[in-house]
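Dear colleague,

I am handing over the structure below, together with notes on what was found in it. Please read the notes with the coordinates open beside you.

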Amino acid sequence: MTLGDLLDVFDTWERRLVWLLQLALVGLIVYGTVTGRVSVSVTAGLALCVTLLPAVLRREYGYAMDAGLVLWITAAVFLHSLGSIGIYRQYQWYDEVTHTVSSIVVAGFGYASFRALELHSDDVAVPSAFRSLFIVVFVLAAGVLWEVFEYALGDLVPVYGVDDIATDFVFNAIGGLIVAIWGAGHVGGLVGFLRDRLRSNADQ
């Protein structure tokens, strides 16, 4: 088996795992509806919409997102949705895991957007060290918005109090550091897509 064949096998299994997680999200929506737990249904419904975004990008713009990145996004929103059934309250470590996984996704998209803008504009040029700092700061800022979002929605999104906010930010920062140190190269395809979209909009 060649390296290309092996990569194709991994790609196939990653896509199958995405489908299984999406099916599990549908199950959570049904569970929340049947049991009257609106927050579970809403959380799983929003998560399912997020997992469908790569398919929308492929249909509307012809951009096929890397299967591994799609799986990571799907896993992040699935873990958060699963936590809404009560796992967050029972296990502190679960909250830490989900924040780390989710922050890696947010950091990756933040970096890709920033890097695409840098490549698109001759007026934007920053040293690599600042890009790493930007990733961490971006994740922390997104974390602030998420905490505000949770409290603003009240009963629709589970809120677990203010005691764990500091811990959330610690693990958000860890996720950002992971991308800053090792993960920036894995979103190269997304960088190219966003740069092309900027060029297309500029030409219109």
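In which helix is Arg131 found? Arg131 belongs to helix α5, where helices (H or I, at least four residues) and strands (E, at least two) are DSSP runs, numbered from the N terminus. Before going further, please keep in mind that this is a predicted model, in which local features need pLDDT of at least 70 and side-chain atom pairs count only at pLDDT 80 or more, while totals for chains, interfaces and linings use all residues. Residues are numbered from 1 along each chain as its sequence is written, and side-chain values use heavy atoms, with hydrogens and water left out.

Overall fold

The protein chain holds 7 helices and 0 strands, and from the N terminus on its elements run α-α-α-α-α-α-α. Of its 204 residues, 38% count as buried, with buried meaning under 20% relative accessible area, exposed over 50%, and partly exposed in between (1.4 Å probe, protein chains only). Among the contacts (heavy atoms within 4.5 Å) with a separation of 6 or more, 70% are made by residues 24 or more positions apart.

The nonpolar core

A nonpolar core is a set of buried Ala, Val, Leu, Ile, Met, Phe, Trp, Tyr and Cys residues joined through side-chain atoms within 4.5 Å. The largest one has 32 residues, of which Leu25, Met65, Tyr111, Ile135, Val187, Leu190 and Val191 touch the most other members. At least two residues of this core come from each of α1 (3-35), α2 (38-61), α3 (67-90), α4 (92-120), α5 (128-153), α6 (165-183) and α7 (188-203). Not counting residues up to four places away in sequence, Met65 touches Arg15, Pro54, Leu57, Val70, Ile73 and Phe109.

Helix α2

With 24 residues, α2 reaches 34 Å from its first C-alpha to its last, close to the 34 Å expected at 1.5 Å a residue, the expected span being 1.5 Å times one less than the number of residues. At Leu53 α2 bends by about 30°, and a proline, Pro54, follows within four residues; the bend is the angle between axes fitted to the seven residues ending at a position and the seven starting there. The buried residues of α2 include Thr43, Ala44, Ala47 and Pro54. Just after α2, Gly62 takes a positive phi of about 70°.

Ser81 lies in helix α3 and counts as buried, at 0% relative accessibility. Leaving aside neighbours within four places in sequence, Ser81 is in contact with Leu25, Leu28, Thr43, Ala44 and Ala47; the C-alpha atoms of Ser81 and Ala47, 34 residues apart along the chain, are separated by 7.0 Å.

Gly110, in helix α4, is buried with a relative accessible area of 2%. Gly110 touches Phe134 and Phe138, again not counting residues up to four places away in sequence, and its C-alpha atom is separated by 6.6 Å from that of Ile135, 25 residues apart along the chain.

To return to Arg131, this residue is buried as well, with a relative accessible area of 16%. Its contacts, leaving aside neighbours within four places in sequence, are Tyr111, Phe114, Arg115, Glu118 and Val126. Arg131 and Phe114 are 17 residues apart in sequence and 8.2 Å apart in space, C-alpha to C-alpha.

With kind regards
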